[in-house]
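Colleague: Please take a close look at the aromatic pairs in this model. Which rings pair, and how are they set against each other?

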Amino acid sequence: MIATPQTKPEAVERIQSWLREHEQELLEDYRAMLRIASIEGLEQPNAPFGQENRQALDLALSLGKKFGMRTKDLDGFIGYAEIGSGPLVVSLGHLDVVPVGPGWKHDPFGAEIDEGYVYARGAEDDKGPTMASFYAIRAIKECVPNLRARLRQVFGCNEESGFRCVHHYTQVEEPPALGIAPDSMWPLVHAEKGIANLLVSVGLPSGKFALLEVHGGQRPNIVIDSCEGKVRVDASIRKQIDEKLSDAWDRNVTWDWDGDMLRVTAIGKAAHGSTPFYGDSAATRLFRFLLQITPFEEEKFYDELFYSTHPSGPGLGIHGLDDVSKDLTNNIGMVRTENGRIVMNFNVRYPVAWKGAQLRDKCLSYLDKLECDWKLDSFTDSPSLYFSLDHPLVKTIVDVYKAETGEDKEPGVMGGGTYARAIPNTVSIGTGWEGDGKAHETDERMSIQNLYKMSRIYARILYEMVDLAAKGH
């Protein structure tokens, strides 16, 4: 039975008191981590994800040693700091971040403080939660010397672009008795949609309005915020195209002529690929614009191209839903031209009741019926995650969150993918609150007070998980 706020375990009181006394230290270490531009870079010796991720991992492990923890570097892929003995309880965070993109008002790697918020790429996803969890484990070490389980803080370096770090971890390390991944919503996520990446291509069109080149996007799991295209326009239809351009209404799309070449640029808004409706796809804007100005007899190609970007997936033949996780989402994350074809990376979050093969077959069947030359060039899949609401870990986290905040919240479902789907016996838990910046968006931020609050909640969750693990749950 989880204690109420009035009967909070004395050990938890000590742990949380220690965290309050060391808040400034947590803040400074957090800001130091944020100043490292740990976007995936070129592979180097002992740095498979680039030198900046190596630097971030080195900082985390050096802090672990400074705090008196046992540390281990797993070939630069991932590392951890550990305390205690007995069954293993893990908290998995990641130090890598997505690219920055335009439009920031604060230095994305300056860790600037403005009106109580720290601004930086990774502030919310996932350096803030990772450092808060790290300090929670440090506090438990200082306040509970005879721990009945091992507590391990894992530092991943490739969560945003492939999970190679955690796949390496699972090959060389034991699975935990219980685990959390602080990287989602409060109190926890008990179901994560499946994640598939579909590389889809279509042959470039010929004709009098011929799209020759298009490019945009940074990662499959980010909504495209800028997209450019070039169209060769035959002289016989130039007047018709100019008339349509004069009626164009989308102020986020600009164009200019270079001889018979029409250059078009669309601007959108970045967002996490699991929630494309929170963003505004520049690729969708560009394709819609081309559809609206193309001659009637050439509309079919641009109609199929535009429809493929629909955020619910009907343009790829994959729309669907289930009772637990609701609708599928579809994000066109990258687009380019290559070898006479338009190549598009679609990042799809599909219902937990589905299998990846089902999604793939639906897409293949649909593309085969289209008029233009569409192909599914490759398909990768990360299966869904599901924990029942009466699972002991789920119930424990829900009870702790209510005891600490007074909020009676149900476990959630999300399209985002966390380390929880790659590690047995693990769920993802919340990060931040209202006012903290959304992951993958410009001017990402975290309230300093929320950083401290997270560390105290994580500490109590981890303390209760140690008790669960020691009892064999």
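**Aromatic pairs**

Modeller: Phenylalanine 301 is buried, because its relative accessibility is 7% and buried means under 20%. Keep in mind that this is a predicted model. Tyrosine 302 is buried too, at 1% relative accessibility.

Now the wider count. There are 13 aromatic pairs by the rule used here. One of them joins tyrosine 80 and tyrosine 169. Their ring centres lie 6.5 Å apart and their planes meet at 85°, so this pair is edge-to-face. The cut-off for that label is over 60 degrees. The two partners come from distant parts of the chain, 89 residues apart. Tyrosine 80 sits in strand β2 (residues 78-84), and tyrosine 169 sits in helix α5 (residues 164-172). Tyrosine 80 has 7% relative accessibility, so it counts as buried. Tyrosine 169 has 2%, so it counts as buried as well.

Back to phenylalanine 301 and tyrosine 302. Their ring centres are 5.0 Å apart. The planes stand at 90°, so this pair is also edge-to-face.

Aromatic residues also gather in a group. Phe67, Phe134, Tyr135 and Phe155 make up one aromatic cluster.

For contrast, turn to charge on the surface. Asp107, Glu112, Asp114 and Glu115 form a patch of negative charge there. Aspartate 114 belongs to strand β4 (residues 112-114). Its relative accessible area is 31%, so aspartate 114 is partly exposed.

Methods
Residues are numbered from 1 along each chain as its sequence is written. This is a predicted model: local features need pLDDT of at least 70, side-chain atom pairs count only at pLDDT 80 or more; totals for chains, interfaces and linings use all residues. Side-chain values use heavy atoms; hydrogens and water are left out. Patches are made of residues with over 30% relative accessible area and no salt bridge: like charges are joined within 9 Å, nonpolar side chains (Val, Leu, Ile, Met, Phe, Trp, Tyr) within 5 Å. Accessible areas come from the Shrake-Rupley method with a 1.4 Å probe; for residues, only the protein chains shown count as cover. A salt bridge is a side-chain nitrogen of Lys or Arg within 4 Å of a carboxyl oxygen of Asp or Glu. Lys and Arg count as positive and Asp and Glu as negative; His and the chain ends are not counted. The place of a charge is taken as NZ of Lys, CZ of Arg, CG of Asp or CD of Glu. Helices (H or I, at least four residues) and strands (E, at least two) are DSSP runs, numbered from the N terminus. Buried means under 20% relative accessible area, exposed over 50%, partly exposed in between (1.4 Å probe, protein chains only). Rings of Phe, Tyr and Trp (its six-membered ring) pair if their centres lie within 6.5 Å; planes under 30 degrees apart count as stacked, over 60 as edge-to-face and the rest as tilted.
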